[in-house]
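Here is a short report for a reader new to this structure. Have the sequence and the 3D view ready.

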Amino acid sequence: MTPPLAVTDYLRQHIRTVPDWPTPGVQFRDITPLLQDPRVFRVLIDAFVHRYMDPALRPDVVAGLDARGFIIGAVVAYELNVGFVPIRKKGKLPFTTVQETFELEYGSATVELHTDAVKTGQRVLLIDDLIATGGTMMAGKKLLEKLGARVTEGAAIVDLPELGGSQRLREAGLALFTLVDFASA
């Protein structure tokens with residue numbers, strides 16, 4: 001009988017690599033296969049939920065980064081019985097917002113959060129699908145902190161460590177939890 005795969009290996013098997021997308025030389029890590037199979041999706045969500053059920057790590061709120069962080073974050077928040085707040089791309093939220101602009105490889109982007117999304121002192125889990133350069137997650141952390149929340153951890157399915165984002169986030173004081181790492185791949 002073959003022993004069961006570790007969660008990390010099981011999830012890695014369901015992440016599709018798309019070569020040369022969106023530009024030549026890029027190995028795009030596509031998480032959509034993780035979401036398509038209900039069994040795989042459950043393993044993915046359970047990996048996060050089991051971690052954050054621990055009272056020492058349990059958040060008051062889950063914040064998801066636009067757009068795939070919404071998918072994972074909303075389900076994790078539901079399972080933990082805590083609130084969910086979306087951090088959106090500029091111009092997508094209808095109420096009063098705070099903004100944070102960050103640099104991308106080619107240009108910049110801005111994300112926003114409603115001013116009433118979190119309360120001072122709330123413990124927030126910040127979640128996205130992937131950490132590349134870390135710019136989006138760092139911007140989300142800054143937005144939440146502007147409103148007085150405490151980001152207890154950043155979480156993602158995939159880490160691409162050779163792009164330096166996870167190191168930059170840790171150096172900025174953000175604890176990170178990722179499930180699959182594609183170092184030098």
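## The loop between β1 and β2

Begin with D20, which is found in the loop between β1 and β2. This is a predicted model. Phi of D20 is near 60°. That is a positive value, in a residue other than glycine.

P22 is found in the loop between β1 (16-19) and β2 as well. A cis peptide bond joins W21 and P22. Its omega is about 5°.

Another cis peptide bond runs from D66 to A67. Here omega is near 0°. A67 lies in the loop between β3 (61-65) and α4 (68-80).

## How the strands pair

Take β5 (residues 97-104) and β6. These two strands run antiparallel, and eight bridges join them. Within this part of the sheet, F102 stands opposite A109 in β6. Strand β4 (residues 83-89) also runs antiparallel to β6. Two bridges join β4 to β6. K89 stands opposite V111 in β6.

Go to β8 (residues 150-159) and β9 for a parallel pair. Five bridges join these strands. A156 stands opposite T178 in β9.

## H114 in strand β6

Stay with β6, which covers residues 107-114, and find H114 in it. Which backbone nitrogen does the side chain of H114 reach? The nitrogen belongs to F95, and the distance is 3.1 Å.

Leaving out residues up to four places away in sequence, H114 touches L93, P94, F95, T96, T97 and L147.

## The largest pocket

Where is empty space left? Rolling a probe the size of a water molecule over the atoms shows this. In this model, about 1300 Å³ of space lies in the largest pocket. The elements that give two or more residues to its lining are β2 (27-30), β5, β6, β7 (123-131) and α5 (135-146). Strand β7 supplies the largest share of the lining, four residues.

How many residues line the largest pocket? There are 34. Nearest the centre of the pocket lie F28, L130, A132, T133 and L163. By class, the lining has 17 nonpolar residues, eight polar and nine charged.

## Looking back

Several elements return from section to section. Strand β6 holds H114, is joined to β5 by eight bridges and gives residues to the lining of the largest pocket. The loop between β1 and β2 holds D20 and P22.

Methods
Residues numbered from 1 in each chain as written. Predicted model: local features only at pLDDT ≥ 70, side-chain atom pairs only at ≥ 80, totals over all residues. Heavy atoms only, no water. Polar contact = N/O pair within 3.5 Å; in protein donor to acceptor, adjacent residues only side chain to side chain. Contact = heavy atoms within 4.5 Å. Pairing = 2+ DSSP bridges. 1 Å grid on protein atoms, 1.4 Å probe; cavity = no way out; pocket = protein on both sides within 12 Å on 5 of 7 lines; lining within 4 Å. Points joined across faces, edges and corners; volume = space filled by probe spheres on them. Nonpolar A, V, L, I, M, F, W, Y, C, P; charged D, E, K, R; others polar.
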